[in-house]
Amino acid sequence: MRGGSYLQSDIALVDGAKSDVTFQRLNATKRSESLMLPKTKYARSDDVRIAYQISGDGPFDVVWAPGTMSHLDLDWEIPQRALFFERFSKFCRLIRFDKRGTGLSDRPVKMATLEERTDDIRAVMDDVGIECANIFGVSEGGSMACLFAATYPHRVNSLLIWGAQARWIASDDHPWGQTRKQHEQMIAMIQDDWPTVEYITGPGAGVGQDAAPAFIESISRYMRAAASPSAVHAYEQMNGQIDTRPILPSIQAPTLVMNRTGDPCANVAAARDMASRIPGAKFKEYPGNSHSMMLDDMETVLSDIQEFITGERPIDSSDRVLATVLFIDIASPTERAVTLGDTAWGNLLNSYYAIVRKELVRFRGKETNTTGDGFLATFDGPARAVRCAVAITRAVKQLGIEARAGVHTGECELMADNVGGIAVHTGARIMAKAEPGGVLVSGTVKGLASGAGIDFQDQGIHELKGIPGEWRLFAVRL
């Protein structure tokens, strides 16, 4: 659909003006670009089963060693994480796992040592049937990855580390990290109130002090599902005892260490020191006050990763962004036009356009396409999109008409002044299921707008014509 109008095709399809064959042809291109959710499999590591997922089918295998906690399924429900893993999987076969005690893996009563956690990498590789892979360690997973690379040099093609330190507690010869007292206070905080905002924004998840409340709440739900308070307490206690400095000089694999300048968890100087202890390691520093690599510059980060692993830098793909799309049109427009006649209908449309455009300006929406009575607009925040949809549906009632709206957040393709992609198709299909005068949103929007004071009512699971999977939709109480 490059160069075409997604709004025109989607609105026409909603109204039945195009055949199913046409839609299947249009959607086939987009479906090939989207990533279906991978199947969860289990590897046995001693007497524990380790959950893992494989996404992508590229020629390079990358094993992702997670931080303190992870959840394979919920990774796909947080838009930033889902987009990052989808993009990562474009050039390789990405193998992610939940280490024992967390996520979808077995949760034994006794927490695992660093050595046992590291063995989970070996177990997953054996179950997949690969002898060598590129090992990617994130945060505390960096310690696992380093130990694995030092222990099994013949099984590591390259080593990549993000946001990690050789040790997490400061000492006389390692001045970076928490003091012992700060670490004990964090441990007590986990025991008393899991997870706290301080843990999420600070030394735990490190999303940063500037993170939006709705995002903090989504991370809080993710953490509660990923690990129990007792598991996190035990892991953080053991993490406080880690010191990988003695093994770093024995790592033989080509190594890339990455860190953000203002990372609240991993001090950039500590990460640089760790890189200096690994023979031949490269160090890259990125701006930002977050522990996450999944920020607005994720394309740059992913390009650096791809170049290090494959030797080739990808073509710039900055024409895709995460955005919230709003579809809105007039319910039963044909019947209304026939009743009014051409002149009166034209006057009503002009008044309708004026109302919609006024509200788009008020809520900082960008009109990207218009056809007949249908509008497609994009927003940089889901709550504003929902409030704009509510304002429009209320305001147009003065004209004696009812509008319906659909809102969805997802990856969109920039096409001059227009946008496209599976997220746009999804938004159109959601609007088609809205009642006259109603606003219907996807579960993604509901999750991202949590804490914004919007009243969502669960409408159950739906199939969206031509869109893969099942979708839980929510109506906005007006």
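Biologist: Why does Phe375 count as buried?
Modeller: Buried means a relative accessible area under 20%. Phe375 is at 1% relative accessibility, so Phe375 counts as buried. The model is a predicted one, and the value is computed from its atoms.

Biologist: What makes Tyr353 buried?
Modeller: The relative accessible area of Tyr353 is 17%. That value is set against the cut-off of under 20%, and Tyr353 is therefore buried.

Biologist: How many aromatic pairs does a search of the whole structure find?
Modeller: The search finds 15 aromatic pairs. One of them joins Phe148 and Tyr152, with 4.9 Å centre to centre and 40° between the planes.

Biologist: Why is the pair of Phe148 and Tyr152 called tilted?
Modeller: Planes under 30 degrees apart count as stacked, over 60 as edge-to-face and the rest as tilted. An angle of 40° falls in the remaining class, so the pair is tilted.

Biologist: Are Phe148 and Tyr152 buried, partly exposed or exposed?
Modeller: Phe148 has a relative accessible area of 0%, so Phe148 is buried. Tyr152 stands at 23% relative accessibility and therefore counts as partly exposed.

Biologist: What makes the pair of Tyr353 and Phe375 edge-to-face?
Modeller: The ring centres of Tyr353 and Phe375 are 5.7 Å apart, and their planes meet at 70°. A pair needs centres within 6.5 Å, and edge-to-face needs planes over 60 degrees apart. The pair of Tyr353 and Phe375 is therefore edge-to-face.

Biologist: Which parts does that pair tie together?
Modeller: Tyr353 lies in helix α13 (residues 342-362), whereas Phe375 lies in strand β11 (residues 374-379). The pair thus ties together parts that are 22 residues apart in sequence.

Biologist: Which residues form one aromatic cluster?
Modeller: Trp64, Trp76, Phe84, Phe85, Phe88, Phe91 and Phe136.

Biologist: What lies over the face of Phe85?
Modeller: Arg96, at 4.6 Å from the ring centre. The distance criterion for a charge over a ring is within 6 Å. Lys99 lies over the face of Tyr235, at 5.4 Å from the ring centre.

Biologist: How do you know that helix α3 is mostly covered?
Modeller: Helix α3 spans residues 79-88, and eight of its 10 residues are buried. Among the buried residues of α3 are Phe84, Phe85 and Phe88. These three also belong to the aromatic cluster.

Biologist: Why is Val62 called buried?
Modeller: Val62 has a relative accessible area of 0%, and the cut-off is under 20%. The conclusion is that Val62 is buried. Val62 sits in strand β3 (residues 61-65). Beyond its neighbours within four places in sequence, its contacts include Phe88, Phe136 and Ile309.

Biologist: Is Asp46 buried or exposed?
Modeller: Exposed means over 50%. Asp46 is at 55% relative accessibility, so Asp46 counts as exposed. Asp46 is in the loop between β1 (40-45) and β2 (48-55), and its phi is near 60°, a positive value in a residue other than glycine.

Biologist: What makes Ser139 buried?
Modeller: Its relative accessible area is 12%, to be set against the cut-off of under 20%. Ser139 is therefore buried. Ser139 lies in the loop between β5 (133-138) and α5 (141-151), with phi near 55°.

Biologist: How many helices and strands does the protein have?
Modeller: The secondary structure comes to 16 helices and 16 strands.

Biologist: What is the mean pLDDT of the protein?
Modeller: The mean is 87, and 90% of the residues reach 70 or more. Over residues 1-35 the pLDDT is below 50, although this stretch has 72 contacts in the model beyond near neighbours in sequence. Where pLDDT is low, the predicted coordinates should not be read in detail.

Conventions. Residues are numbered from 1 along each chain as its sequence is written. This is a predicted model: local features need pLDDT of at least 70, side-chain atom pairs count only at pLDDT 80 or more; totals for chains, interfaces and linings use all residues. Side-chain values use heavy atoms; hydrogens and water are left out. pLDDT is the predictor's confidence in each residue, from 0 to 100. Contact means heavy atoms within 4.5 Å. Rings of Phe, Tyr and Trp (its six-membered ring) pair if their centres lie within 6.5 Å; planes under 30 degrees apart count as stacked, over 60 as edge-to-face and the rest as tilted. Buried means under 20% relative accessible area, exposed over 50%, partly exposed in between (1.4 Å probe, protein chains only). Helices (H or I, at least four residues) and strands (E, at least two) are DSSP runs, numbered from the N terminus. A charge sits over a ring if NZ of Lys or CZ of Arg is within 6 Å of the ring centre and within 35 degrees of the ring normal.
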